[in-house]
Amino acid sequence: MIFIIYQILISIVLIFSPIIIIYRIFKNKEDKLRFVEKFSFPSKNRGNGKLIWFHGASVGEIMSVLPVIKKYDNDKSISKILITSSTVSSSKVLKKIKFKKTIHQFFPIDHVFFSEKFLNYWKPNTAIFMESEIWPAMFRLIKKQNIPLILLNARVTKKTFYRWLKIEKFSKSVFGLIDIAYPQNSETNFFLKKLNVKNIKTIGNIKFIGDDDFKNKNIDKKLLLKFKKYKTFVAASTHNSEEIYAAKTHILLKKKIKNLVTIIIPRHMNRIEQIISEIKDLNLNVITHSSRNKKLKDVDIFIVDTFGESKKFYKIATTVFLGKSIIKKEDLAHLGGSGQNPLEPARFGAKILHGPNVDNFKEIYKYLYSLKISSKVKTPQECASATIFKKNYKKVKQMKNLSKNILKNTLNELNKSIHNEI
């Protein structure tokens, strides 16, 4: 009964979908050409042969599974890899990555009509969903078509678990459709059992997996030359108010470090003009990465307003403050929880700073604390005091070994499904 109500509600929303789509295009939250993919009108050809499907909500989930996808991109037994996601930002990031046979499409609306149309066209041999991506209509149809359904790096928070329990019978019927789940932490393992997932196995958190490029290999030489004479403080994945936090930290650091440039990498590029305006109100000089300004003389704040380039700046960073960690708790609900993944900048030898709200990455921060390369800061004063200007590669080797082990375990497990061993 709940499933029927769920589908009726989606059907009602579909009536207003033209208005919703136009609004979202205006807000740069929808691709003005490719939004039709969400209605199961594909923009790419399926081709013949085995197709493996990975689905993640947005940039974070997709980036975490990329090392796995890259391995399968070189697997001759696989003809095509399909990645789906729901956000424009994730599509722009993927566009910059060179794949041999991996393509991206937007995930369809979770209505039986669009889900069935999607599956009938793509005919995936295996469906691998990331973290918290639970879609009742799609899951039912995947099961109906006997496609192996995997929940990789599964994450169920306490808050989400109790929401699912409010509709317990329905929730158990949905989670029971999952063939195997690989939880990213012990809390999720416990919740998945309660939600009727029969087959659960722990292989480690794939967010610990990184590219082989742990040090400054393949560094952008032009970028290195540009910042060579300067000390840098990086604030990454920032949300509303956190850019001002970074700017105030810059003002404090500038009192001691004259050749300082603070690099801000906002999470959402549609806020760039607002960010520039707010920072200029602090009497700071601002330029953007897209301006291609070659000189940094007298520049205070350098804003990265282009997609998928964070790693370039992590490679030159000595200290990185990770955003979505100091914004107010009441503002976190619509953002999918607090914190951003700190592992990528840490892999390049940067010290990691963060605010008090990091619930989504408690396990990862616990690991970074054990390596003594991460600190919690609350105020710009604390942030400035904790900032360092020297790379630390001593702990990187430990991170690299952990990364290799988790990647190996993940591939061994996925191969059982992908190569028809289960």
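Biologist: What do the side chains of Glu-168 and Lys-172 meet in?

Modeller: The general idea first: side chains of opposite charge can pair when their charged atoms come close. Here, the side chains of Glu-168 and Lys-172 meet in a salt bridge at 3.0 Å, N to O; the term needs a side-chain nitrogen of Lys or Arg within 4 Å of a carboxyl oxygen of Asp or Glu. Both residues sit in helix α8 (residues 168-175), 4 residues apart, about one turn of the helix. Helices are DSSP runs of H or I with at least four residues and strands are runs of E with at least two, numbered from the N terminus.

Before we go on, this is a predicted model, where local features need pLDDT of at least 70 and side-chain atom pairs count only at pLDDT 80 or more, while totals for chains, interfaces and linings use all residues. Residues are numbered from 1 along each chain as its sequence is written, and side-chain values use heavy atoms, with hydrogens and water left out.

Biologist: Are Glu-168 and Lys-172 buried or partly exposed?

Modeller: Glu-168 counts as partly exposed because its relative accessibility is 39%, and Lys-172, at 29%, is partly exposed too. The cut-offs are under 20% relative accessible area for buried, over 50% for exposed, and partly exposed in between, with a 1.4 Å probe and protein chains only.

Biologist: How many salt bridges does the structure hold?

Modeller: There are 13 salt bridges. One of them joins the side chains of Glu-30 and Lys-38 at 2.6 Å, N to O. Glu-30 is buried at 6%, and Lys-38 is buried at 11%.

Biologist: And which residues do Lys-96 and Glu-309 tie together in sequence terms, or rather, where do these two lie?

Modeller: Start with the pair itself: the side chains of Lys-96 and Glu-309 meet in a salt bridge of 3.9 Å, N to O. Lys-96 is in the loop between α4 (88-95) and β3 (102-106), and Glu-309 is in the loop between β10 (301-303) and α13 (310-314), so the pair ties together parts 213 residues apart in sequence. Lys-96 is partly exposed at 46%, whereas Glu-309 is buried at 8%.

Biologist: On to sheets. In what order do the strands of the open sheet come?

Modeller: In general, strands of a sheet pair through backbone hydrogen bonds, either parallel or antiparallel. Here 6 strands form an open sheet, ordered β3-β2-β1-β4-β5-β6, with parallel pairing; two strands pair if DSSP finds at least two bridges between them. β3 and β6 (180-183) stand at the edges with a single partner strand each, so one side of each has no neighbour in the sheet. From one strand to the next, the twist averages 20 degrees.

Biologist: How many bridges join β4 to β5?

Modeller: 4 bridges join β4 (residues 126-130) to β5 (residues 149-154), and the two run parallel. Phe-129 stands opposite Leu-151 in β5.

As for helices, α3 packs on the sheet, touching β1 (51-55), β2 (80-85), β3, β4 and β5, and its direction makes about 175 degrees with that of β2. Contact means heavy atoms within 4.5 Å, and angles run from 0 to 180 degrees between N-to-C directions, with axes fitted to C-alpha atoms and, for helices, over the stretch in contact. α4 also packs on the sheet, touching β2 and β3, at about 165 degrees to β3.

Biologist: Which residues does Ile-62 contact?

Modeller: Ile-62 lies in helix α3 (residues 59-73) and is buried at 3%. Leaving aside neighbours within four places in sequence, Ile-62 is in contact with Gly-56, Ile-83, Thr-84, Ser-85 and Leu-94. Ile-62 and Ile-83 are 21 residues apart in sequence and 8.2 Å apart in space, C-alpha to C-alpha.

Biologist: Last one: which backbone oxygen does the side chain of Thr-319 reach?

Modeller: That of Ile-388, at 2.7 Å. Thr-319 is in strand β11 (residues 319-322) and counts as buried because its relative accessibility is 0%. Not counting residues up to four places away in sequence, the residues Thr-319 touches include Phe-233, Val-234, Lys-351 and Ile-388.

Conventions: A polar contact is a pair of N or O atoms within 3.5 Å; within protein, one must be able to donate a hydrogen and the other to accept it, and residues adjacent in sequence count only if both atoms are side-chain atoms.
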